[in-house]
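Here is a friendly walk through one protein model. Have the sequence and the 3D view at hand as you read.

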Amino acid sequence: MSRRECKVCNEAASKYKCPSCLIPYCSLVCFKKHKEIPCVKLVSPEVKTNEDSQLLVERPYLVDEPNEVLQMLQLESIASSSEIRDALKDQDLQELINKIDQSPDAENELEKAMGIEAFSIFTDKILSAISR
C-alpha cells in the first residue's frame with residue numbers, strides 16, 4: 001500500500017481528503033491553510049445518475065445550527081462501528097436510506113422513516129456512536 005502524502009505541507013501522510021477538490025491533507029491546520037485559497041469541486045453537475053439511471057438532483061446542505069454538523073471524529077466513530085456496519089447490510093434499510101437521499105423532499109421522507117422501527121433503531125445506533 002503506497003503512502004499518500006499531504007499535498008498542503010508535503011511532509012506528513014495524508015489522512016483526509018478535501019470534500020470539494022479531493023486533495024489529500026493531513027490535519028486541521030493543513031485543511032484550513034488549503035481553504036484559504038478557494039478550491040474547485042472536481043465534478044459539479046447539477047444532475048447526476050446512479051447505476052439504476054435514476055436522476056438525482058443535487059441540493060444544498062442547509063444547516064440551521066453550525067453545531068449540528070458532525071465533527072471528523074464523530075464521522076469516524078460512525079464509520080468504524082460494527083453495529084452500524086452490520087445494520088447497513090440490511091437491504092430494506094439500504095433502500096430506505098436511498099429513498100431519503102434521492103427524494104426532492106428528503107426532510108419529509110426522513111420524518112416518515114422515523115416511524116419505521118428498523119430505521120429508528122438504526123438512527124439510535126448512530127446517535128450512540130457519536131455521543132461516545
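## A helix end, some cysteines and a charged patch

S131 is exposed, at 59% relative accessibility. Here buried means under 20% relative accessible area, exposed over 50%, and partly exposed in between (1.4 Å probe, protein chains only). S131 sits in helix α6, residues 117-131; helices (H or I, at least four residues) are DSSP runs numbered from the N terminus. The C-alpha atoms of S131 and S77 are 9.3 Å apart, although 54 residues separate the two along the chain.

A word on the model: it is predicted, so local features need pLDDT of at least 70 and side-chain atom pairs count only at pLDDT 80 or more, while totals for chains, interfaces and linings use all residues. Residues are numbered from 1 along each chain as its sequence is written, and side-chain values use heavy atoms, leaving out hydrogens and water.

Now to the cysteines. How many disulfides are there? With a disulfide taken as a pair of cysteine sulfur atoms within 2.5 Å, the count is 0. For C9, the closest cysteine sulfur belongs to C6 and lies 3.6 Å away, which is too far for a bond.

The surface also carries a patch of negative charge, made up of D64, E65, E68, D105, E107 and E111. E107 belongs to helix α5, residues 106-113.

| Residue | Relative accessible area | Class |
|---|---|---|
| E107 | 64% | exposed |
| C9 | 25% | partly exposed |
| C18 | 0% | buried |

Note on methods. Patch = residues over 30% accessible without salt bridge, like charges linked within 9 Å, V, L, I, M, F, W, Y side chains within 5 Å. Areas by Shrake-Rupley, 256 points an atom, 1.4 Å probe, with all protein chains shown as cover. Salt bridge = Lys/Arg side-chain N within 4 Å of Asp/Glu carboxyl O. Lys, Arg positive; Asp, Glu negative; His and termini not counted. Charge placed at Lys NZ, Arg CZ, Asp CG, Glu CD. Helix = DSSP H or I, 4+ residues; strand = E, 2+ residues; numbered from the N terminus.
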